[in-house]
Amino acid sequence: MDNDVSAGSASITTLGHLALGLTLLAFGIGHTGVIDGVTAADAVSLALYVGGIALFVAGLLEFRAGNAFAGTAFAGLGAFWFTWGTGAGSSVSDHAAGLFLLLWALFALSLTLGSAGGGLLTQGTYGLLFLGLLLLGVGQFAGSDGLGKVGGWVAAVAGLAAWYGATAALAKWPTAVPKRAAGRGVTATG
C-alpha cells in the first residue's frame, strides 16, 4: 500500500456498515424463526468472516486513518461477531450466553452514546443493536423464546438501518430527514 494514500475513508466506513448490516440481518432473522429451518446458528459463517474478520480489519483501517469512533465500533463489533461465531453451538449455560449478550449490549450502548454527533441513522443503528442484544440477553436469562424473537426482530431492523446507511452512501441517497423551513407551516385562512 502506498504510504501517501490514506487507508481509511468514507469507503471503509461504508464497507464496515455493509458488513455490520448483513451480519445483523442474518443474525436477527435467524433469531426470529420467520424463515422455516433458518436459525441464528446458520449465520455462523457470515458472522465469522464478514462480521468478524472483515469488520475487524475495517476497524483497524479506520484507526489508521484517525477515525477513532469508527475504528472502535468496527474492531469491537468484529471481535463480538468472531467470538459469537466461534462459540456458537458450544455447550454453555443459558445464563452464560445471556451474560455474553448483556456485556456486548453495554458496548453497543457506548457506541450509541458515542455516535450522538454522527447522525440519526448511525445512532439509531447502534441504539437498535443495543436494544436487540439487551432483549436477547434477558431472554436467555429468562428462558423466554418470545423475548429472543423480539430481540431478533430488533437486531434485524438494526441490520436494515446499517445496510441502508451504507447503500445510501454508495448510491448518494438521502440519510437525513428533511427539515421544514422556519415560519412555514399550516396557515389559517379567513
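This is a predicted model: local features need pLDDT of at least 70, side-chain atom pairs count only at pLDDT 80 or more; totals for chains, interfaces and linings use all residues.

**Confidence and contacts**

Reader: Where does pLDDT stay under 50?
Author: Over residues 1-8. For that stretch the model has nine contacts beyond four places in sequence. Contact means heavy atoms within 4.5 Å. pLDDT is the predictor's confidence in each residue, from 0 to 100.

Reader: And what does the chain average?
Author: A pLDDT of 89. At least 70 is the score for 89% of the residues.

Reader: OK, rings. How many aromatic pairs are there?
Author: The count comes to 10 aromatic pairs. Rings of Phe, Tyr and Trp (its six-membered ring) pair if their centres lie within 6.5 Å; planes under 30 degrees apart are stacked, over 60 edge-to-face, the rest tilted. Phe 69 and Tyr 126 make an edge-to-face pair, 5.9 Å centre to centre with 80 degrees between the planes.

Reader: Where do those two sit in the chain?
Author: Phe 69 is in helix 3 (residues 68-87) and Tyr 126 in helix 5 (residues 120-142). They are 57 residues apart, so the pair links distant parts of the chain. Helices (H or I, at least four residues) and strands (E, at least two) are DSSP runs, numbered from the N terminus.

Reader: Is Tyr 126 buried or exposed?
Author: Buried, because its relative accessibility is 1%. Phe 69 is at 29%, so it counts as partly exposed. Buried means under 20% relative accessible area, exposed over 50%, partly exposed in between (1.4 Å probe, protein chains only).

Reader: What about Phe 80 and Trp 104?
Author: Their ring centres are 5.4 Å apart and their planes at 55 degrees, so that pair is tilted. Phe 80 is in helix 3, and Trp 104 is in helix 4 (residues 94-114), 24 residues apart. Both Phe 80 and Trp 104 are buried.

Reader: New topic. Where is Leu 22?
Author: In helix 1 (residues 10-32). Leu 22 has a relative accessible area of 42%, so it is partly exposed. From Leu 22 to Ala 47 is 25 residues in sequence and 9.1 Å in space, C-alpha to C-alpha.

Reader: And Val 38?
Author: Val 38 lies in the loop between helix 1 and helix 2 (44-64). Its relative accessible area is 31%, so Val 38 is partly exposed.

Notes:
Residues are numbered from 1 along each chain as its sequence is written. Side-chain values use heavy atoms; hydrogens and water are left out.
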